[in-house]
Amino acid sequence: LFLLIACNKSEKTVDATIVDSGDITSEGCGYLLQLNDSSLVKPTYLPSSYQHHGYKVKVRYRHTGIIDTCQFGTVLYDRANILEIDKAGKK
């Protein structure tokens, strides 16, 4: 049972791109992570050194189970806690 709990697929390291969707106090949702499958994840906290639109990163995260609309249209974003984040290496 312990091994099944420890192997959570959402906690693997994935490639992502930082997307600045606009000021959260206006009509935007702040910074999002766009994954390779084009899905968007809303981090609960993104360190300021990674807050650059188009920045390529490797990230490991855990879903919080909370869905967020950010009051920006009808799009729902999965909120996630970042466990690790690092600049993606050059290909």
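**Group meeting talk: a first tour of the model**

Hello everyone, let me start at one residue. Leaving out residues up to four places away in sequence, S21 touches G28, C29, G30 and L32, where a contact means heavy atoms within 4.5 Å. This is a predicted model, in which local features need pLDDT of at least 70 and side-chain atom pairs count only at pLDDT 80 or more, while totals for chains, interfaces and linings use all residues. Residues are numbered from 1 along each chain as its sequence is written, and side-chain values use heavy atoms, with hydrogens and water left out.

Back to S21, then. You will find S21 in the loop between β1 and β2. What does its side chain reach? One polar atom of the S21 side chain lies 2.8 Å from the backbone nitrogen of C29, and there is also a distance of 2.8 Å between a polar atom of that side chain and the backbone oxygen of G30.

Now the overall layout. The protein chain has one helix and five strands, in the order α-β-β-β-β-β from the N terminus on. Helices (H or I, at least four residues) and strands (E, at least two) are DSSP runs, numbered from the N terminus. Of the 91 residues in the chain, 31% are buried. Buried means under 20% relative accessible area, exposed means over 50%, and partly exposed is in between, with a 1.4 Å probe and protein chains only. Among contacts between residues at least 6 apart in sequence, 51% join residues at least 24 apart.

How far should we trust it? The predictor's confidence in each residue is the pLDDT, from 0 to 100. The chain averages a pLDDT of 82, and 82% of the residues score at least 70. Where pLDDT is low, the predicted coordinates should not be read in detail.

Next, the inside. In soluble globular proteins, nonpolar side chains tend to be buried together. A nonpolar core here is a set of buried Ala, Val, Leu, Ile, Met, Phe, Trp, Tyr and Cys residues joined through side-chain atoms within 4.5 Å. The largest such core has 12 residues: A16, I18, L33, L35, V41, L46, Y50, V57, V59, Y61, A80 and I85. At least two of its residues come from each of β1, β2, β4 and β5. Which strand gives the largest share? That is β4, with three residues. A second, separate core has five residues, including V19, L32, C70 and Y77. Apart from neighbours within four places in sequence, L46 is in contact with I18, Y31, Q51, I82 and I85.

On to the charged pairs. A salt bridge is a side-chain nitrogen of Lys or Arg within 4 Å of a carboxyl oxygen of Asp or Glu, and by that rule there are two. One joins D15 to K58, with the closest N and O atoms 2.6 Å apart. These partners sit in distant parts of the chain, D15 in β1 and K58 in β4 (residues 56–68), 43 residues apart. D15 counts as partly exposed because its relative accessible area is 22%, and K58 is partly exposed too, at 38%. In the other salt bridge, E84 meets R60 at 3.0 Å, N to O. This pair also links distant parts of the chain, E84 being in β5 (residues 77–87) and R60 in β4, 24 residues apart. Buried, partly exposed or exposed: which is E84? E84 is partly exposed, since its relative accessible area is 45%, and R60 is partly exposed at 23%.

Last stop: the loop between β2 (31–35) and β3 (40–43), which holds S39. S38 is in that loop as well, and S38 has a positive phi of about 75 degrees although it is not a glycine. At 29% relative accessibility, S39 is partly exposed. Its side chain makes a polar contact of 2.6 Å with that of D37. A polar contact is a pair of N or O atoms within 3.5 Å; within protein, one must be able to donate a hydrogen and the other to accept it, and residues adjacent in sequence count only if both atoms are side-chain atoms. Beyond four places in sequence, S39 is in contact with L33 and Q34.
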